[in-house]
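Hello,

Here is the structure for you to look at. My notes on what was found in it follow below.

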Amino acid sequence: MTDIKAKMTSPAQPPTPELDEQEKQLLAEIEKHKMPRATAQSAFTGIMTTENLGVSYGDFLAVSNVNLGFVKHEITALIGPSGCGKSTVIRCLNRMNDLVPGAKVHGSVRYHGTDIYDPSVDVIRLRRHVGMVFQKPNPFPKSIYDNIAYGPRVTGMKPDSMDEVVERALKGAALWDEVKDKLKQDATGLSGGQQQRLCIARTIATSPEVILMDEPCSALDPIATAKIEDLMEELARSYTIIIVTHNMQQAARVSHRTAFFTAEADEHGKRIGKLVEFDTTERMFSNPSDPRTEAYISGRFG
Ligand SMILES: Nc1ncnc2c1ncn2[C@@H]1O[C@H](COP(=O)(O)OP(=O)(O)O)[C@@H](O)[C@H]1O
Ligand SMILES: [Mg+2]
């Protein structure tokens, strides 16, 4: 394929004989769904994609028609006002909504082409590949060592040396130097920021490919937040990261692509979350194509 990125930065052109099949398909997708170019582009290059993804809780449709593609070794930020469905969407990506009573997922999520909602998919294995870090650090009331070793043990990994797995994970989460002399101490004694890095270490201990983070810094002070942001940049060399954040500066600082959601009332006054715009972070913050994105990032609502 020729340099698709270069093509994407000029206005969409009609298919010409020089375009290969994939590019033609891409342009057709842009036309069909009126998708922003970055959406269509990442739908082709993403290791994980959502197609018309929606979620209802009972008879309440919380969010619908979400088309996203997550590109390997990129950080994608999901932003938007409270209640627009960011957590709902990110939970779909490793089937966390399976655990929410009444939640029903519509549309599809593909991971390397496989529909993760296919009944043949082993959810435990899926979550080993697509790990998750939550808003509030949630270490187990166990030693630091056992927190990290937990995932490898329950998923049946048989490493030559668990000590090495623990050390590597803690180094990967930039926590090793702070805890190497107290691995047997209870993890709940760590500071909030350390606990969150421990949770990141726990996630990477099972060697995932994708890490989902739902507002991982919202319970942390600015210094701990800055440490996690630095760490994310480092992690993106080895992992693909999808982060929900209500902090727009954070999205602008750390992410490569940004998806903006909002919730608008339908004709019956029900607020349904929807994806408004998905593009490179640079374009989203400098030249968004939708006035609602512009209003949100300039702080006029939300
Ligand atoms: N477990 C649930 N049961 C019922 N409604 C829910 C549940 N979780 C979220 N919702 C509703 O779905 C919508 C989206 O919520 P959420 O995904 O948490 O938004 P965000 O993370 O963007 O703040 C909201 O209207 C919220 O009240
Ligand atoms: Mg949320």
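Helix H9 (residues 192-204) lies across E6 and strand E7 (210-214) and runs at about 170 degrees to E6. Helices (H or I, at least four residues) and strands (E, at least two) are DSSP runs, numbered from the N terminus. Axes are lines fitted to C-alpha atoms, for helices over the stretch in contact, and angles run from 0 to 180 degrees between N-to-C directions. Contact between two residues means that their C-beta atoms, placed from the backbone, lie within 7 Å.

The model is predicted: local features need pLDDT of at least 70, side-chain atom pairs count only at pLDDT 80 or more, and totals for chains, interfaces and linings use all residues. Residues are numbered from 1 along each chain as its sequence is written, while chains are lettered from A and ligands numbered from 1 in the order in which they are written.

The sheet

The protein has 13 helices and ten strands. Ten strands form an open sheet with mixed pairing, in the order E5-E4-E1-E2-E10-E9-E3-E8-E7-E6. Strand E5 (114-115) and strand E6 (130-133) stand at the edges with a single partner strand each, so one side of each has no neighbour in the sheet. Two strands pair if DSSP finds at least two bridges between them.

Strand E4 (residues 103-111) pairs with E5 in the antiparallel sense over two bridges, and Arg110 has Asp115 of E5 as its bridge partner. E4 also pairs with E1, antiparallel and over eight bridges; there Thr49 stands opposite Arg110. Strand E1 (residues 46-57) and strand E2 (residues 60-71) are antiparallel too, over eight bridges, with Met48 bridged to Phe70. Their hairpin has two residues between the strands, and Gly58 takes a positive phi near 60 degrees in it.

Two helices

Helix H6 (residues 144-154) packs against helix H7 (residues 162-172) at an angle of about 110 degrees, with the axes 9 Å apart. This makes H6 roughly perpendicular to H7 (angles under 35 degrees count as roughly parallel, over 145 as roughly antiparallel, 65 to 115 as roughly perpendicular and the rest as oblique). Tyr145, Ile148, Ala149 and Pro152 of H6 meet Met162, Val165, Val166, Ala169 and Leu170 of H7.

The ligand

Residues around ligand 1 include Tyr57, Lys86 and Gly273, where near means a C-beta atom, placed from the backbone, within 6 Å. Helix H4 (residues 86-92) gives the most to this shell, with three residues.

Regards
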